[in-house]
Each structure stands twice: as C-alpha cells, then as structure tokens.
Amino acid sequence: MTARVDARRNHDLLLAAAREAFAAHGTDASLRDIARQAGVGIGTLYRHFPTREALLEALLRSRFDALRDRAGELSAAAAPGEALLEWLSELAAGSVTYRGLPESVMTALRDEGSQLHASCAGMRAAGGRLLERAQAAGEVRGDVTAAQLLALAAGLAWAGEQSADPSDMVRNLLSIAAHGLTRTAAAT
C-alpha cells in the first residue's frame, strides 16, 4: 500500500515539476531538471513517463479533452462560424502555455505511434465537426480542412510565443485570419 501511495505522490510531483519547467523553459526543458525539482531520480521519472511525449501527454490530455468537449458544446451555437472561431481562439490561446507546444502537437498528429497522437487527433476531429458545420452554413470556405485549421492554430500560437503579450497577439492574428487582409474582405 505504501509503495502505491509513494508512486502516486511521485507521479503528482513529477507532473507539477514538469508543468513549471515547461512553462519556464518550453517543451524541451531538461527531464533531469524536472526529476531533480520533483525530488526524485531520473529513473523514477522514466518509470512514470518513459518518453518526453508521455509526460506531455499526461499534462495535456485533460486540456485536449476539454477542447474536444468544448467543441461539442459549441456545436449547438446558433452561429456556426462564430462557434468555430471561438473554439479556434481557445485552442490557439491554450497552445501558448508552453513554448514549443504547437510543434509538439503538429508532430504528434503526423505520428500515429506518438503518445500524444490520440489526444491530438480527438481534438482535431472535434474541431473538424465544428468546421463542417460552419461550412454547411456557408460561413466558412468549403476548401478548408481540419488539418489546415490545426496548422493555423499552431501558427497563431507560434506567433504568440514571440510576443510580449501572447494572448493579445493570438486574438489579433485570429481576427486578421478570419476576416482577411483586404479592405473588401474586412467589410463583409
């Protein structure tokens, strides 16, 4: 019983240390430093999380699940285009939590063997359903794909990472992307 309690405590300590390290240093933060911060050895980290992706997946699973659920809630919205933009905004804003996260998500989506793949794919599918609904309502171009939508969110998040105010940058760039660059597009 004590071993199980210690294992759970170490798991939680590692997640807390990883959350701090990834926030401060990005998704490439030193795993050795994470273990040290958690007060455990590197072997303990690898027993709980055999890869960096496994550690990221444990941190992000609930966030991706929440985004998937949020897409379900927004699917009942009266304005499908606005619902899609709201979801995309939440996705991009959440992606600036850890520097390097957009790249990790895009890499996981291309690699079905990745431990992050299932969570990312579920989130992409939910966003795809919002996209299809907005397209069916004629509020979004019919040639946009769910993969392009995720790539747009990743690009917005990357640009946000480069800014002193990531959330504001993401919000402004999303508005530009949604309404276009030309005066004609902005007037519609």
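User: Which residues does Leu-55 touch, not counting residues up to four places away in sequence?

Analyst: In this model, which is a predicted one, Leu-55 touches Leu-15, Ala-18, Phe-22, Leu-31, Ile-34 and Phe-49 once residues up to four places away in sequence are set aside. Leu-55 is also among the residues with the most contacts inside the largest nonpolar core, a list that includes Phe-22 and Ile-34.

User: How many residues does that largest nonpolar core have, and which element gives the most to it?

Analyst: The largest nonpolar core has 52 residues, and those with the most contacts inside it also include Leu-60, Trp-87 and Leu-91. Among the elements that give two or more residues to this core are helix 1 (2-25), helix 2 (31-38), helix 4 (52-74) and helix 5 (80-94). Helix 4 gives the most, with nine residues.

User: Why does Gly-127 count as buried?

Analyst: The cut-off for buried is under 20% relative accessible area, and Gly-127 has 0% relative accessibility, so Gly-127 counts as buried. Gly-127 lies in helix 7 and, leaving aside its neighbours within four places in sequence, is in contact with Ala-71, Leu-84, Trp-87 and Leu-149.

User: What makes Leu-174 buried?

Analyst: The same cut-off of under 20% applies, and because Leu-174 has 7% relative accessibility, Leu-174 counts as buried. Leu-174 has its place in helix 9, and touches Leu-85, Leu-88, Ser-89 and Leu-156, not counting residues up to four places away in sequence. Leu-174 and Ala-153, although 21 residues apart in sequence, are 8.4 Å apart in space, C-alpha to C-alpha.

User: Why are helix 8 and helix 9 called oblique to each other?

Analyst: Their axes come within 8 Å and cross at roughly 140 degrees. Roughly antiparallel requires an angle over 145 degrees, and roughly perpendicular covers 65 to 115, so helix 8 and helix 9 are oblique to each other. Helix 8 passes helix 9 in a right-handed crossing. The contact is made by Leu-152, Leu-156, Ala-157, Ala-159 and Gly-160 of helix 8, together with residues of helix 9 that include Pro-166, Met-169, Val-170 and Leu-174.

User: How many nonpolar, polar and charged residues does the contact of helix 8 with helix 9 have?

Analyst: By class, this contact has ten nonpolar residues, one polar residue and no charged residues. Gly counts as polar, and Gly-160 of helix 8 is one of the residues that make the contact.

Key: Residues numbered from 1 in each chain as written. Predicted model: local features only at pLDDT ≥ 70, side-chain atom pairs only at ≥ 80, totals over all residues. Heavy atoms only, no water. Core = buried A, V, L, I, M, F, W, Y, C linked by side-chain atoms within 4.5 Å. Buried < 20%, exposed > 50% of the residue type's maximum accessible area, 1.4 Å probe, protein only. Helix = DSSP H or I, 4+ residues; strand = E, 2+ residues; numbered from the N terminus. Contact = heavy atoms within 4.5 Å. Axes fitted to C-alpha atoms, helices over the stretch in contact; angles between N-to-C directions. Parallel < 35°, antiparallel > 145°, perpendicular 65-115°, else oblique. Left-handed = near helix turned anticlockwise from the far one by under 90°.
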